[in-house]
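The report below describes one model, region by region.

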Amino acid sequence: MTSPDDVPPGVPSEGAGAGDGVPSGDDPSRAAAPGDTGGVEAALLALGEALEVPAPPPAEVALAVRARLEAAGEGRPAGASDGGARPEPSSRPGPRRGPGWRGDGRGPGRVTRRRAAVAVAVAAALLLGVTPAGQAAVARVLRFAGIELRVGGPGPLPSGVAAPLPGERRVTLEEARRQAAFPVSVPAGLEDPADVRVADDGRVVSLLWPGIRLDEYDGVLQVVFRKELGPPWPDQVTVGASAGWWIPGPHGLVYLPRTGVGEAPARPRRAEPTLIWQKGRTGLRLEGAADLRRALEIARSVR
């Protein structure tokens, strides 16, 4: 961690406010006006002076690396050449150095490379951290067991009463098994469900206990639910012989109706920690278990 004394001249400290401006040019007292790129350029150049960029490798190293790459491309063992001899360094003189060049690489060329590196780094930071396109690029999308996990940059957690799924109705367990488009399983690690519901023409069956919900759904090749995730990040786990994901914190959840039925996505709701996995062609999401250990106990007892 750098102290205020380590900050290069012209670079505002962490405590500087947005209205302090950025010193620019040869006059450090002049604050950069909006749209004035001179201050930014001066700050970048000052920051570049503090960066350590290594000098180019010696000619011997460059030749050795090139020989290894060519040998790999031709299927020859690394280090072998056509005549069995190792490549010799080139005898051609190197590029001429200007008056300010020093043998340790601390010369004008080094400063130029520093400036280029700083410019690229700042441009990337602005793109990824400021623009919507950059923020979208930072986010990661994972599709697993019929659920789309959008990891990174979630909005506020949804609030209010959760809306029912499309066509959701209360049924008995036997009725759910007749209407569902997939085999309905029940965890032996829990008592009989207190409530059973079928939604979206048998696409989803929900088994409910006080504080716990098990959704089973058809179509793991399609996206059935979408989750907006931030920290704490999901963990990959194993449920029996199947892979799974444990989402340890509250997050936003959206149900996506079948394609082409004219239904809009259901209103987002807050979901509690959830374990998701796949059993055959059926996707399952267990919500509300106290912790991962308990979630895995319940999931592994599903029959």
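## The loop between S4 and S5

Asp 200 is located in the loop between S4 and S5, where strands are DSSP runs of E with at least two residues and helices are runs of H or I with at least four residues, numbered from the N terminus. The phi of Asp 200 is near 50 degrees, a positive value in a residue other than glycine. Asp 200 counts as buried because its relative accessibility is 7%; buried means under 20% relative accessible area, exposed over 50%, and partly exposed in between, with a 1.4 Å probe and protein chains only.

Asp 201 is found in the loop between S4 and S5 as well, and its phi, near 55 degrees, is positive in a residue other than glycine. With a relative accessibility of 69%, Asp 201 counts as exposed.

## Basis of the model

This is a predicted model, in which local features need pLDDT of at least 70 and side-chain atom pairs count only at pLDDT 80 or more, while totals for chains, interfaces and linings use all residues. Residues are numbered from 1 along each chain as its sequence is written, and side-chain values use heavy atoms, with hydrogens and water left out.

## The sheet

An open sheet is formed by 8 strands in the order S3-S4-S5-S6-S13-S12-S9-S8, with antiparallel pairing; two strands pair if DSSP finds at least two bridges between them. Strand S3 (169–170) and strand S8 (235–239) are the edge strands, each pairing on one side only.

S9 (residues 242–247) and S12 (residues 274–279) pair in the antiparallel sense over 4 bridges. Trp 245 stands opposite Ile 276 in S12. Helix H6 (residues 292–300) packs on the sheet and touches strand S6 (212–218), S8, S9, S12 and strand S13 (282–287), contact meaning heavy atoms within 4.5 Å. The direction of H6 makes about 35 degrees with that of S8; axes are lines fitted to C-alpha atoms, for helices over the stretch in contact, and angles run from 0 to 180 degrees between N-to-C directions.

S13 is largely enclosed by the rest of the structure, because 6 of its 6 residues are buried. Thr 282, Leu 284 and Leu 286 point one way from S13, Gly 283, Arg 285 and Glu 287 point the other way, and all are buried. In a regular strand the side chains alternate between the two faces of the sheet.

S13 pairs with S6 in the antiparallel sense over 6 bridges, and Glu 216 stands opposite Leu 284 in S13. S12 and S13 also pair in the antiparallel sense over 6 bridges; here Gln 278 has Gly 283 of S13 as its bridge partner. The hairpin of S12 and S13 has 2 residues between the strands, and Gly 280 in this hairpin takes a positive phi near 65 degrees.

Asp 291 caps the N-terminal end of H6, with a side-chain oxygen 3.3 Å from the backbone nitrogen of Arg 293. A polar contact is a pair of N or O atoms within 3.5 Å; within protein, one must be able to donate a hydrogen and the other to accept it, and residues adjacent in sequence count only if both atoms are side-chain atoms. Ala 295, Leu 296, Ile 298 and Ala 299 are buried in H6. They lie on the same side of H6, because they cover an arc of only 165 degrees around the axis, the arc being that of the directions from the helix axis to the C-beta atoms. The cover over the buried residues of H6 includes S6, S8, S9, S12 and S13.

Trp 246 lies in strand S9 and counts as buried at 6% relative accessibility. The C-alpha atoms of Trp 246 and Pro 273, 27 residues apart along the chain, are separated by 7.6 Å.

## Nonpolar cores

The largest nonpolar core has 27 residues, and those with the most contacts inside it are Val 205, Leu 207, Leu 214, Leu 275, Trp 277 and Leu 286. A nonpolar core is a set of buried Ala, Val, Leu, Ile, Met, Phe, Trp, Tyr and Cys residues joined through side-chain atoms within 4.5 Å. H6 gives the most to this core, with 4 residues.

A second, separate core of 19 residues includes Ala 145, Val 151, Val 224 and Ile 276.
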